[in-house]
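Please keep the sequence and the coordinates at hand.

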Amino acid sequence: MDIEYLLYLQQFRETVGSILTPLMNAVTKLSAGFLPIAMMCMIYWAFDRKAGRKILAGLGGGLFINGFLKLTFCVYRPWIRDTRILPYGDSKTAATGYSFPSGHTTRATAMFGGSGLWFMEKKHSVVAGLLFVLVFLTMFSRNYLGVHTPQDVLVGFISTAVMMYLTGWLELWSEKDKKRDLMILVAGLLICIAAVLYYEYKPYPLDYLPDGSLLVDPAKMRGDAYEGVGFIASFVICRILEKRQLDFDRISQKLRLFIGIFALIPLYWWINTGCPYIIEEISRSLGKFLRFGLGIIYIMVLVPGTVVLAGTLTNRGSDKVTREKQGQPYGCPEGLI
């Protein structure tokens, strides 16, 4: 049934030509691009710290469960299962890993969906609606382009939504007792260690092409799964530092917005052309782990720390001007004047 559905979409795609295909290709690229990351980060840095942290947590949980399911079930792509499937464009060379569940759907659900929930809570229903539409357009686009089956995108959506709910619940649960942050830290790190051992020692299918190369390289797929591991490991550490030491939401929103906009530039560089890509030539797993792990440190510690430092310096400057206007030397306690 799933293959027949893809063949129907393929026939439709070939019949209508370029009417719908460019849009679907643009949507699928958007979900894996920088725009949803930037939107998520700006919500976190400039508008709503707690909501932004929840979106980050949902994305980390989604990436983690996506990697776990991919390496557990090792489902081949549709065109491997049935040679009648002809994916659009360069999809056949770009989508070389396991098919189940869809990684694009995971990212779209966590970032577009998570941001959409925030906009809905803020009564921006039009923006929220557009973001929710983008989630389902991403799911459909993966089927339309012939790179994922319906179950791939459905499980990608459901598993990510479950992780978003779970991580959101954990955030609320931890607010009732500071000791629970430490419990989340220990549990998160233990889960990451267990995942690494599982990924490294579980058996994988080793099917070869006529030229002697592997149909799907397990080492490459393990590397992709380390995205979620690096994300979660850094997140559970950084969230304690952020919650207890970096009260950046107390700083002026204008200053947070200003710093956040400029902070997107190095983040874009890191995600697209940063050092981990060089490391991946040696170890794909280490490169993916560092790209996401260090990225989270930048998002949750370095940028908020910069905001706090800038806010502190700005306030000290304001205090100095105020004291001088009152005829008091800056830095001298009021009680001694």
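Two residues are in contact here when they have heavy atoms within 4.5 Å of each other. By that criterion, and leaving aside neighbours within four places in sequence, Ala46 touches Gln253, Arg256 and Leu257. Ala46 itself sits in helix α3, which covers residues 35–47. Its relative accessibility is 0%, so Ala46 counts as buried. Another pairing across the sequence is that of Ala46 and Ile259, which are 213 residues apart along the chain, while their C-alpha atoms are 8.8 Å apart in space.

The average pLDDT of the protein is 88, and 90% of the residues score at least 70. Residues 319–326 fall below 50, and this stretch has eight contacts in the model beyond near neighbours in sequence. Residues 328–337 also stay under 50 in pLDDT, with 13 contacts beyond four places in sequence. Where pLDDT is low, predicted coordinates should not be read in detail.

Next come the charged side chains. Side chains of opposite charge can pair when their charged atoms come close. The structure holds 22 salt bridges. One of them joins Arg49 and Asp249, with 2.9 Å between the closest N and O atoms. Arg49 lies in helix α4 (residues 49–73), while Asp249 belongs to the loop between α11 (218–245) and α12 (253–273), so this pair ties together parts that are 200 residues apart in sequence. Which of the two partners is buried and which is partly exposed? Arg49 counts as buried because its relative accessibility is 9%, whereas Asp249, with a relative accessible area of 36%, is partly exposed.

A second salt bridge is formed by the side chains of Asp181 and Arg244, at 3.9 Å from N to O. It links distant parts of the chain, with Asp181 in helix α10 (residues 179–201) and Arg244 in helix α11, 63 residues apart. Asp181 has a relative accessible area of 3% and is therefore buried; Arg244, at 36%, is partly exposed.

The N to O distance for the side chains of Glu227 and Lys288 is 3.1 Å. Glu227 is in α11 and Lys288 in helix α14 (residues 284–325), so the pair ties together parts that are 61 residues apart in sequence. Both Glu227 and Lys288 are buried. Elsewhere, salt bridges with shared partners join a set of residues into one network, among them Arg49, Arg53, Glu171, Glu175, Asp181, Arg244 and Asp249.

The last topic is helix packing. Two packed helices are described by the angle between their axes and the distance between the axes. Helix α4 packs against helix α7 (residues 103–121) at an angle of about 160°, and the axes are 9 Å apart. Because angles over 145 degrees count as roughly antiparallel, α4 is roughly antiparallel to α7. The crossing of these two helices, α4 and α7, is right-handed. On the α4 side, the contact is made by Ala51, Ile55, Gly58, Leu59, Gly62, Leu63, Asn66 and Lys70. On the α7 side, the residues involved are Gly103, Thr106, Arg107, Ala110, Met111, Gly114, Ser115 and Trp118.

Definitions and conventions
Residues are numbered from 1 along each chain as its sequence is written. This is a predicted model: local features need pLDDT of at least 70, side-chain atom pairs count only at pLDDT 80 or more; totals for chains, interfaces and linings use all residues. Side-chain values use heavy atoms; hydrogens and water are left out. Helices (H or I, at least four residues) and strands (E, at least two) are DSSP runs, numbered from the N terminus. Buried means under 20% relative accessible area, exposed over 50%, partly exposed in between (1.4 Å probe, protein chains only). pLDDT is the predictor's confidence in each residue, from 0 to 100. A salt bridge is a side-chain nitrogen of Lys or Arg within 4 Å of a carboxyl oxygen of Asp or Glu. Axes are lines fitted to C-alpha atoms, for helices over the stretch in contact, and angles run from 0 to 180 degrees between N-to-C directions. Angles under 35 degrees count as roughly parallel, over 145 as roughly antiparallel, 65 to 115 as roughly perpendicular and the rest as oblique. A crossing is left-handed if the near helix is turned anticlockwise from the far one by less than a right angle, and right-handed if clockwise.
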